[in-house]
Every structure is written in C-alpha cells, then in structure tokens.
Amino acid sequence: GDQVGWPAYVGQVAQAYRTLSADERRDAVVVTSNYGEAGAIDRFGPAFGLPAAISGQNELFRQAQPPNRPVTLLAVGGGAVRVAGRNATCTVVARLDNGVGVSNEEQGQPVAVCRDAHQPWKAIWPQFQHLD
C-alpha cells in the first residue's frame with residue numbers, strides 16, 4: 001500500500017523543484033524522511049530531472065549527505081521538514097497526494113523548499129539521522 005502513488009508523489013516533488021531558479025536547481029538537494037520516499041525519488045526521479053535523494057533514516061544516513069556548502073533543500077515528508085525547518089527558512093509548497101484516495105504513510109506529507117541554512121551542513125546533517 002505504501003507504494004501506491006509513487007510516480008504521482010515524485011511528480012509533485014518535481015513540480016516544486018521546477019519552481020527553483022536555475023542556480024538553485026544546480027545545487028538543490030532532495031532530503032526525504034524515509035526509505036520509501038527516497039526509493040520513489042531514486043526510481044522515478046531521473047525521468048523528472050530530479051537529483052538523487054538522501055535520507056537520514058537508518059543506513060541511508062551514511063550513504064550520502066548534503067555538500068558542506070549552501071544548498072537549496074527540497075524536504076519531503078514530515079520528519080525532514082521538521083528538522084529542516086529548525087535550521088533554514090522553509091516553506092511548505094505541496095502536500096503529497098497519490099490521486100487515488102489510498103490512505104498510506106505518504107499521503108498528505110509535506111514538501112518544503114528550504115533556503116538559507118543557519119549552520120553549515122556538517123552541523124545540521126546529524127539532526128536528520130533516525131533509526132526506525
């Protein structure tokens with residue numbers, strides 16, 4: 001059930017990505033709350049021109065992290081948005097909608113554009129880590 005709507009969700013993240021300026025898109029990072037969101041972005045995102053997802057969940061935390069320079073962050077899911085919101089200017093620009101009315105873990109989750117981090121990413125990134 002949690003895979004229902006993945007292409008639609010990724011399309012909604014891509015819509016948010018396309019609202020960024022060309023300079024912001026060049027350095028944009030997609031941070032997801034969980035492996036399901038990260039998997040959807042990595043599976044369907046290339047067709048939309050999205051960068052690979054990174055996530056703080058479990059082992060994904062160690063696989064990749066934002067570069068230690070200013071970036072525009074697309075935060076996907078409540079967990080990522082909460083952490084990013086404590087560290088950057090964040091605006092929720094969409095809510096995930098699978099389009100078929102299936103109530104699953106991703107339905108209604110926020111997508112936010114976050115700018116102007118208040119700390120270097122090497123200080124912020126550990127706050128995204130969660131084991132569950």
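Five strands, in the order β2-β1-β3-β5-β4, form an open sheet with mixed pairing, where two strands pair if DSSP finds at least two bridges between them, and where helices (H or I, at least four residues) and strands (E, at least two) are DSSP runs numbered from the N terminus. Because β2 (53-55) and β4 (89-95) stand at the edges with a single partner strand each, one side of each is left without a neighbour in the sheet. Neighbouring strands are turned by 30° against each other on average, direction ignored. This is a predicted model, in which local features need pLDDT of at least 70 and side-chain atom pairs count only at pLDDT 80 or more, while totals for chains, interfaces and linings use all residues. Residues are numbered from 1 along each chain as its sequence is written, and side-chain values use heavy atoms, with hydrogens and water left out.

Strand β1 (residues 29-32) runs parallel to β2 and is joined to β2 by three bridges, and Thr-32 stands opposite Ser-55 in β2.

Turning to the aromatic rings, Trp-121, Trp-125 and Phe-128 form one cluster, in which rings of Phe, Tyr and Trp (its six-membered ring) pair if their centres lie within 6.5 Å, and planes under 30 degrees apart count as stacked, over 60 as edge-to-face and the rest as tilted. The count comes to two aromatic pairs. The rings of Trp-121 and Phe-128 have centres 6.1 Å apart and planes at 40°, so this pair is tilted, whereas those of Trp-125 and Phe-128, with centres 5.2 Å apart and planes at 25°, are stacked. Trp-125 and Phe-128 are both buried (under 20% relative accessible area, with exposed over 50% and partly exposed in between, for a 1.4 Å probe and protein chains only).

Key. Axes are lines fitted to C-alpha atoms, for helices over the stretch in contact, and angles run from 0 to 180 degrees between N-to-C directions.
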